[in-house]
Amino acid sequence: MGELDPAFIQPTEHRPKLAVVEANGIPLIDLSVINHGVPLQLRQNLEIAARKFFAMPKEEKQKVRRDEVNPTGYYDAEHTKNIRDWKEVFDLFVQNPTIFPVSHEPDDNELKEYTNKWPENPPELR
């Protein structure tokens, strides 16, 4: 696997403390996603396109990196408890463009328009 980037290693004092927990009487909750109306083939196509995107070299994914101006696109440097997460994301808006208030202040009526950053490849992700 090679050398591990120290940014991924959490100090011992911040690591979870392992313990055995037994619980009785907790209801089972079915978290399967159903009745959303998105056809199976469309979901499968999206998964294939996402796999192709994340398999690309980092330099290619960086071309659509999210930034301070646009919160959509590729990102791989999120931190949890000051340790870099082992994940990559590609954020997008369902509605393109999407309009948000500039601030949470009730008297501020200014709006900002955001658009998705679509990668050139794979074209199926557009």
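A salt bridge is taken here as a side-chain nitrogen of Lys or Arg within 4 Å of a carboxyl oxygen of Asp or Glu. By that criterion I find 13 salt bridges in the structure. I note at the outset that this is a predicted model.

**Entry 1: the annotated domain**

I looked up the UniProt record, an unreviewed entry, which places the feature "domain: Non-haem dioxygenase N-terminal" at residues 33–121. For residues 33–121 I record 24% helix and 20% strand.

**Entry 2: the nonpolar core**

I asked which residues make up the largest nonpolar core. Seven residues form it: A49, F53, M56, V64, Y74, F90 and L125. I then followed two of its members.

For A49, I set aside the neighbours within four places in sequence and found contacts with P122, E124 and L125. L125 is itself a member of the core.

V64 sits in the loop between α2 and β1. I count V64 as buried because its relative accessibility is 8%, and buried means under 20%. Beyond its neighbours within four places in sequence, V64 is in contact with F53, T72, G73, Y74, F90, K117, W118 and P119. Among these, F53, Y74 and F90 belong to the core. I also checked the C-alpha atoms of V64 and W118: they are separated by 6.9 Å, although the two residues are 54 places apart along the chain.

**Entry 3: individual salt bridges**

E60 and K63 join their side chains in a salt bridge, with 2.8 Å from N to O. E60 is partly exposed, since its relative accessibility is 33%. K63, at 62%, counts as exposed.

R65 and D76 form a salt bridge whose closest N and O atoms are 3.2 Å apart. This pair links distant parts of the chain, eleven residues apart: R65 is in the loop between α2 (58–62) and β1 (73–75), and D76 is in the loop between β1 and β2 (79–80). D76 is buried, because its value is 5%.

D67 and K117 also meet through their side chains in a salt bridge, at 3.2 Å from N to O. Here too distant parts of the chain are linked: D67 is in the loop between α2 and β1, while K117 is in the segment after β6 (111–114), 50 residues away. D67 is partly exposed, with a relative accessible area of 36%. I noted above that K117 is also in contact with V64.

**Entry 4: a network**

I looked for salt bridges that join into a network and found D5, K58, R65, D76 and R84 linked in this way. The pair R65 and D76 from the previous entry is therefore part of this network under the salt-bridge criterion.

**Entry 5: a surface patch**

I turned next to the surface. L4, I9 and W86 make a nonpolar patch of about 310 Å². I9 lies in the segment before α1 (40–55). I class I9 as partly exposed because its relative accessibility is 39%.

**Entry 6: cis peptide bonds**

I asked where cis peptide bonds occur, and recorded two cases. One joins N96 and P97, with omega about 5 degrees. P97 is in the loop between β4 (89–91) and β5 (98–101). Another joins N121 and P122, with omega about -10 degrees. P122 is in the segment after β6, and P122 is also among the contacts of A49.

Notes:
Residues are numbered from 1 along each chain as its sequence is written. This is a predicted model: local features need pLDDT of at least 70, side-chain atom pairs count only at pLDDT 80 or more; totals for chains, interfaces and linings use all residues. Side-chain values use heavy atoms; hydrogens and water are left out. A nonpolar core is a set of buried Ala, Val, Leu, Ile, Met, Phe, Trp, Tyr and Cys residues joined through side-chain atoms within 4.5 Å. Buried means under 20% relative accessible area, exposed over 50%, partly exposed in between (1.4 Å probe, protein chains only). Contact means heavy atoms within 4.5 Å. UniProt positions are given in the numbering used here, feature names are shortened, and annotations may be inferred rather than shown by experiment. Helices (H or I, at least four residues) and strands (E, at least two) are DSSP runs, numbered from the N terminus. Patches are made of residues with over 30% relative accessible area and no salt bridge: like charges are joined within 9 Å, nonpolar side chains (Val, Leu, Ile, Met, Phe, Trp, Tyr) within 5 Å. Accessible areas come from the Shrake-Rupley method with a 1.4 Å probe; for residues, only the protein chains shown count as cover.
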